[in-house]
Amino acid sequence: MFQNNTYQVPCLYQTLRTKSTPSDRPLTLRVPGSKSITNRALLLATLADGVSVLRGALFSDDSRHFLQCIQDLGFETEADEANSKITVKGLGGKIPCTEAAQYVGSAGTAARFLTACLGLSHGVYHMDASEQMRRRPMAPLLQSLQELGCEITYESPDGEGRFPFTLKGHGFQRDHISINIDSSSQFLSALLIVSCLCERDFTTSIEGTHGMAYIDMTLKMMEQFGVRTQKIEHAFLTPSGQHYRAMDYLIEPDVSAACYFYAMCPLLHIPVLVSDVHFDSLQGDVAFLTILEKMGCTAADTPEGVLVTPPAGESFHGVTVDMSACSDQAITLAAIAPFADSPTTITGIGHIRFQESDRIAAITAELSKMGILCEEGESSITIHPGIPKASLVETYEDHRMAMGFSLTGLRSPGIVIHNPGCCRKTFETYFEILDKTIESTLREASIVMNSSGRSD
C-alpha cells in the first residue's frame, strides 16, 4: 500500500494464525528473468557473430542501462518488453563505434563488463555512472586494464579508480593479468568474458575467493555461447582462436528475486513454489534454499519448480552460515532472523559493505531501530531473536534493503518501507507482485483485508 513514497507492509502472520486449518496448497508465483544472466547474455550476444535472441530477459533499470549502452555503441538491437525478449546483432568482437559516451547508471555488471570490453578494444570511450556507482569499487579492474595496455584518464574529483573516466584502448598488449576480487567478482567475470578476444592464449590469475558462484555462472554461459576456459589452480586459461556463436537463449527466472518469496515459508508457515526455479540453476542464490532447510524447512525439486514447505512445528531455527556464495540474500536472512528460536550469524559477507549501500551497517541500523539486538563484525553479523517494533525502514537507495525488510513487516505490524521505488534497479514490479501474493494467500485462507490492511 503506497503513500507518500512509502509502502505500508500488511502484517499477515497473526491473521493467518487465526485460520484453524491452513491450506496445504502452496503459494505459487512467477518472478522475472535473472538480472545476472540477462546482463551477461547481453554482452555475450554483442561479442557473438550473428543475431542472438534472448528470451525471458529482465527489464529493469540495470538491464535498460546495459541495453542503452550497447545501442549507443552502434549495435543493432530490438527490445520487446511485453514478451521479455531482446534481439542483438553481434559483430564477432568488433565495436561499431570507435568513440562513444557510456552511462551505466547504477548497474554494476554494466559498469564492470563494458569497461573491460571497451578498455581492451580499439577506440575511445567516455564512461560515467550514477552517484551511487561512482562510490563503488572499480580500481582493481582499471589497474588491470592499464597493465594490459589501456590508457585511462580519470575525471573524478575523488581521484583514480572511480567513475567518470575515459578509456583509450589498444587491444591486448599482454597475454596474462592478475586481478583481486575481494571487493567484487564482477572484475574477474568481465575479464574472462573478453579474454577470448586476445590473439594469444590468455591467462587470468586471481587473488581472493569472493563470489565464485558468479564466476561459475560466467564460465557456464561462456561455454553455452561457444568459448571454453580452463581452471588451473588460482588462474584461468582461455585458449586462443575461440569465438562466441549467436544463440536463441532462454534466461532463467531470477533466483535472487524468488528467495524473498521462499523466505515467506518459515516466516508465515506456508508452503511456497516459484515456477521454473530448479536446483540445477546457474545462479548461486539457489544455495539460500539449503539455508532454509537448515532452519527447518523442506525443499523439493518438482517439475513445476522447487517447492519449500515449512517446519513441522511453529518455530524455525537460527543458523550460523557462510553466505559468500549467496551474499545477495544476506539481507533476506537478516530480515527474518529475529523470528527464529535462536541467534543467527551470517559470515563471509565483508564485500557487501561496498555494494549499493554498506549492507552490514544498514542491516544493523534498521534492526536496531526495531529493538533487535545485532552484533556487527567487519565481515559478519549476528542477529538475536526478538519482537521487531514498528519502524520506518530506510532503504539507502538499495533495492535489496527494500525487498528484504518488507518480509519483516509481514510478521510484525507497523513496518513501513521508505522509497520502495528503489526496487526498479532489478525488480521494478516487486511490490506489485507482493501485493498480489498477499491477496492470493488471504484468498486461499478465505480472509479479506480491508483498505487499512486489517482483516475483516
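This is a predicted model: local features need pLDDT of at least 70, side-chain atom pairs count only at pLDDT 80 or more; totals for chains, interfaces and linings use all residues.
We can start with the helix packing. Two packed helices are described by the angle between their axes and the distance between the axes. For helix α2, residues 35-47, and helix α4, the axes come within 10 Å and cross at roughly 20°. Since angles under 35 degrees count as roughly parallel, α2 and α4 are therefore roughly parallel to each other. The crossing of α2 past α4 is right-handed. On the α2 side, the residues that take part are Asn39, Arg40, Leu43 and Leu47, and they meet Thr109, Phe113 and Cys117 of α4. Sorted by class, this contact holds four nonpolar residues, two polar ones and one charged.

The second pair is α7, residues 186-194, with α8, and here the axes come within 9 Å and cross at roughly 15°. That angle makes α7 roughly parallel to α8, and the crossing is right-handed. From α7, Leu188, Ser189, Leu192 and Ile193 meet a set of α8 residues made up of Tyr214, Ile215, Thr218, Leu219 and Met222. The contact of α7 with α8 divides into seven nonpolar and two polar residues, with no charged ones.

Ser189 ties the two helix pairs together in this account. Ser189 sits in helix α7 and, at 0% relative accessibility, counts as buried. Beyond its sequence neighbours up to four places away, Ser189 touches Tyr214, Ile215 and Thr218, and also Arg40 and Phe113. Arg40 and Phe113 turn up in the α2 and α4 contact as well, Arg40 on the α2 side and Phe113 on the α4 side.

Helix α2 has another residue worth a look, Thr46. Thr46 is buried, at 3% relative accessibility. Leaving out residues up to four places away in sequence, Thr46 touches Ile70, Phe75 and Val88, plus the run of Gly90, Leu91, Gly92 and Gly93. With Leu91, the separation is 45 residues in sequence, yet the C-alpha atoms are 6.5 Å apart in space.

The Ser106 side chain makes a polar contact with the side chain of Gln132, at 3.4 Å. Neighbours within four places in sequence aside, Ser106 is in contact with Asp62 and His65, with Ser130, Gln132, Met133 and Arg136, and with Lys425.

Another loop residue is Gly226, found between α8 (212-224) and β13 (230-232). Gly226 is partly exposed, with a relative accessible area of 24%. Apart from residues up to four places away in sequence, Gly226 touches Gln242, His243 and Arg245. Gly226 and Ala48 are 178 residues apart along the chain, and their C-alpha atoms are separated by 9.0 Å.

That leaves the backbone. Most residues other than glycine have a negative phi, and most peptide bonds are trans. Against that background, Ser84 has a positive phi of about 55° although it is not a glycine. Ser84 is in the loop between β5 (76-80) and β6 (85-91), where it is partly exposed, with a relative accessible area of 27%. Asn419 is likewise a residue other than glycine with a positive phi, near 55°. The loop that holds Asn419 runs between β24 (415-418) and α15 (430-444). Ser84 is partly exposed, whereas Asn419 is buried, with a relative accessible area of 13%.

The peptide bond to pick out is the one that joins Phe163 and Pro164, which is cis, with omega about -5°. Pro164 is found in the loop between β9 (151-154) and β10 (165-170).

Key: Residues are numbered from 1 along each chain as its sequence is written. Side-chain values use heavy atoms; hydrogens and water are left out. A polar contact is a pair of N or O atoms within 3.5 Å; within protein, one must be able to donate a hydrogen and the other to accept it, and residues adjacent in sequence count only if both atoms are side-chain atoms. Contact means heavy atoms within 4.5 Å. Axes are lines fitted to C-alpha atoms, for helices over the stretch in contact, and angles run from 0 to 180 degrees between N-to-C directions. Helices (H or I, at least four residues) and strands (E, at least two) are DSSP runs, numbered from the N terminus. Angles under 35 degrees count as roughly parallel, over 145 as roughly antiparallel, 65 to 115 as roughly perpendicular and the rest as oblique. A crossing is left-handed if the near helix is turned anticlockwise from the far one by less than a right angle, and right-handed if clockwise. Ala, Val, Leu, Ile, Met, Phe, Trp, Tyr, Cys and Pro count as nonpolar, Asp, Glu, Lys and Arg as charged, and the others, Gly among them, as polar. Buried means under 20% relative accessible area, exposed over 50%, partly exposed in between (1.4 Å probe, protein chains only).
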